[in-house]
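Dear colleague,

Here is the structure that I am handing over to you, with the sequence alongside. Please open it before reading on, and keep it in view while you go through my notes.

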Amino acid sequence: MKPSLKLPLVAMLAIFASCENSNKKTASTDTSITATNPFLKESTLPYQVPDFDQIKDEDFKPAIEEGMKIHLEEINKIADNPEAPTFENTLVAMEKSGQMLTRVNQVFDLLTGANTNKDLQKIQEELAPKQAAHKDAIYLNSKLFSRIKSIYETRAELKLDAESSKLIEYYHQQFELAGAKLSDEAKTDLKKLNEQEASLNAKFANQLLAAGKSGALVVDKGAELAGLSTAEITAAAEAAKTNKLEGKWLVPLKNTTQQPALQALSDRNTRKKLFEASWNRTEKGDSTDTRVTIVQIAKIRAEKAKLMGFQNYAAWKLQDQMAKTPAAVEAFFAKLVPSATARAKSEAVEIQALIDQQKGGFKLEPYDWDYYAEQVRKAKYDLNENEIKPYFELNNVLKNGVFYAATQLYGITFKERTDLPVYHKDIKVYELFDKDGSTIGLFYCDFYKRDNKSGGAWMTNVVNQSKLLGTKPVIFNVCNFAKPAGGAPALISFDDVTTMFHEFGHALHGFFANQQYPSLSGTNVARDFVEFPSQFNEHWAVNPQVFKNYAIHYSTGQPMPQVLVDKIKKAANFNQGFALTEVLAAAALDMQWHKLPATAPLQDADKFETSALQKTGLGLSYVPPRYRSSYFLHIWGNGYAAGYYAYLWTEMLDHDAFSWFEENGGLTRTNGQRFRDMILSRGNTEDYGKMFRDFRGHDPNIKAMQKYRGLPQN
């Protein structure tokens, strides 16, 4: 997931992967801005949505550079104001600044993640250090920080409302975290490190998508794909044809280590080749090999932390998070690792027994796990993934599942819009209305995988909610579901269903934002809180009332038989040892990379990874990390550095919060309104721990998470 956590103060880096296909015009070498540039003024379309029909690749660079110029002029005017600093002439003025820059960057970030090309990649890498320098020019401005510090120190006397008081605290903390208290000499060093890191972030993102595309598995004989459905084989043939590989089959790589096809492929050699294509995608010693890049990024981050006076990057980065310290994160891990790995080991024994029973004659490897686990699942629960897919047609899941649940809980309704421009013909747009008929915002769905789209799934705003600016949210959910060939119905897995509910949970967090100030609005919250609403929303995918409304056979129109529903429920805790261990392994890698001190010698990425997994008790040969270090986009490009633990931390929050619903009547409008009022609409306006306690009645408790995962409770 990539939620939109952009600050209106700063043009955040566009750091999402990219490749070559686009219908945009070729970028011009002339970078001076013209009067016709669509970003110079607010869009006149409803909700200020971008006019994608008018936006060209060559518009971005001059607009971003002009936006930075205007923004810096606005900031310098605030910093140099001869009047005494006040909340209005400093902080409110800052909230209103940089609107052109925000406008262009929101769209640029969206397209470089979802619909990029070589021209946008080039702009992305060229502008990354300039944008980092722009950020430093603001956060390291001594005059500006002096004004903020003065307001902060006298905040108790100002008698402001709670949100305004929070904004003062927010700005003061963000400036301190960015190095505002450093000496001039240290600031100069920090600026250099920031520019270097920004360039490497962009380089990594572009290396990764190129590696993912070139690393796709090419199959010469159709028999090697035995086990895949006819539709999947047809899609592989179409993908090969698109890539000028007539007569072959192409299986594209997802961003995770394990690949969906591994569950069905019966040819062990094909499974091995697909796994190795995934595992080694960024480690081929060519221009897409990221290992040197990530080691450089880790080293720079450690040096930045040292400049700031911290032992390591994680200690510096976690200050404004709910967890606060690496020690708190590792204590959280300690509660999960023993039971997760013990469960994974017992699952491995069961799978190995099946392999031996079938006289396989080999030891369980990572590329065998999903294939044989699926057989174990079928044997234990008589559940076949291909048997349930026909009941999950994408558009039906969206309208009668995702939207239906939101209507039942929050009273909102949806209407499709076909009159607004989009950047790809597959995108659909919906307008949201509140229970009283008032408009909420616009929702764009970009669900299908493309070669020029970053892997994974995410939510992003292109317009943020703000009462100060008079704007309502415009939100995109971007996914990578396989597009069916020849106009066939899009039948998705139950994991994909869950992804749709997850990403729309982020969207709800953005749509229900009710803030005055854009910096505190919606999903502009800590990493270890932002996944709470999204993971919480996943629970409604299996709610009986919701499930029966969308689990409808695409051709017969019949609801899923109860016997299949019961099988899904019974299998809910299946394979949880593997699932939890692979995420814990990735989270541990993230934390270990970002606990490196600045004095540590440059690391060999693979040796470091092996050592880190063994040290944390997560080095199970048959359970590789969900993301290998060399293709871990979350931590080297997507802003989750020292923060990937957030997915598990917020899982604790979401299960505990959902248990409140179970104790209080479940899916009701009253309960939904309470969650909306106390969590979804609050943004970053109060302490996260207090916000959770006020809703739940106690501090977050891990027991509900352990129960859901089928693990022993501590």
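Predicted model: local features only at pLDDT ≥ 70, side-chain atom pairs only at ≥ 80, totals over all residues.

I begin with the helix packing. Two packed helices are described by the angle between their axes and the distance between the axes. Helix 3, which covers residues 99-114, packs against helix 4, residues 118-139, at an angle of about 140°, and the two axes are 12 Å apart. This angle makes helix 3 oblique to helix 4, and the crossing in which helix 3 passes helix 4 is left-handed. On the side of helix 3 the contact is made by Leu101, Asn105, Phe108, Leu111 and Thr112, and on the side of helix 4 by Leu120, Ile123, Gln124, Gln131 and His134. Sorted by class, the residues in this contact of helix 3 with helix 4 are five nonpolar and five polar, with no charged residues.

The second pair consists of helix 2 (residues 87-96) and helix 6 (residues 162-177), which pack at an angle of about 75° with their axes 11 Å apart. Helix 2 is therefore roughly perpendicular to helix 6, since angles from 65 to 115 degrees count as such. Here Phe87, Leu91, Met94 and Glu95 of helix 2 meet Ser164, Leu167, Ile168, Tyr171 and Phe175 of helix 6, and by class this contact of helix 2 with helix 6 has seven nonpolar residues, one polar and one charged.

Turning to the charged side chains, the structure holds 42 salt bridges, and I describe some of them below. Glutamate 126 forms a salt bridge with lysine 61, and the closest N and O atoms of the pair are 2.2 Å apart. The pair links distant parts of the chain, given that glutamate 126 lies in helix 4 and lysine 61 in helix 1 (residues 57-79), 65 residues apart. Lysine 61 is buried, with a relative accessible area of 13%, whereas glutamate 126, at 32% relative accessibility, counts as partly exposed.

Aspartate 59 forms a salt bridge with lysine 56, with 3.8 Å between the closest N and O atoms. In this pair aspartate 59 counts as buried because its relative accessibility is 6%, while lysine 56, at 25%, counts as partly exposed.

In the salt bridge between aspartate 606 and arginine 628, the closest N and O atoms are 3.5 Å apart. Aspartate 606 lies in helix 21 (residues 605-615) and arginine 628 in the loop between helix 21 and helix 22 (633-636), so the pair ties together parts that are 22 residues apart in sequence. Aspartate 606 is partly exposed at a relative accessible area of 22%, and arginine 628 counts as buried at 8% relative accessibility. Both residues also belong to a network of salt bridges that links Glu283, Asp289, Arg291, Asp606, Glu609 and Arg628.

Lastly, where does glycine 179 lie? Glycine 179 is found in the loop between helix 6 and helix 7 (184-214), and at 1% relative accessibility it counts as buried. Once its neighbours within four places in sequence are left aside, glycine 179 is in contact with Leu140, Lys187, Leu190 and Met308. The C-alpha atoms of glycine 179 and glycine 309 are separated by 9.9 Å, although the two residues are 130 residues apart along the chain.

With kind regards

How values were computed: Residues numbered from 1 in each chain as written. Heavy atoms only, no water. Axes fitted to C-alpha atoms, helices over the stretch in contact; angles between N-to-C directions. Helix = DSSP H or I, 4+ residues; strand = E, 2+ residues; numbered from the N terminus. Parallel < 35°, antiparallel > 145°, perpendicular 65-115°, else oblique. Left-handed = near helix turned anticlockwise from the far one by under 90°. Contact = heavy atoms within 4.5 Å. Nonpolar A, V, L, I, M, F, W, Y, C, P; charged D, E, K, R; others polar. Salt bridge = Lys/Arg side-chain N within 4 Å of Asp/Glu carboxyl O. Buried < 20%, exposed > 50% of the residue type's maximum accessible area, 1.4 Å probe, protein only.
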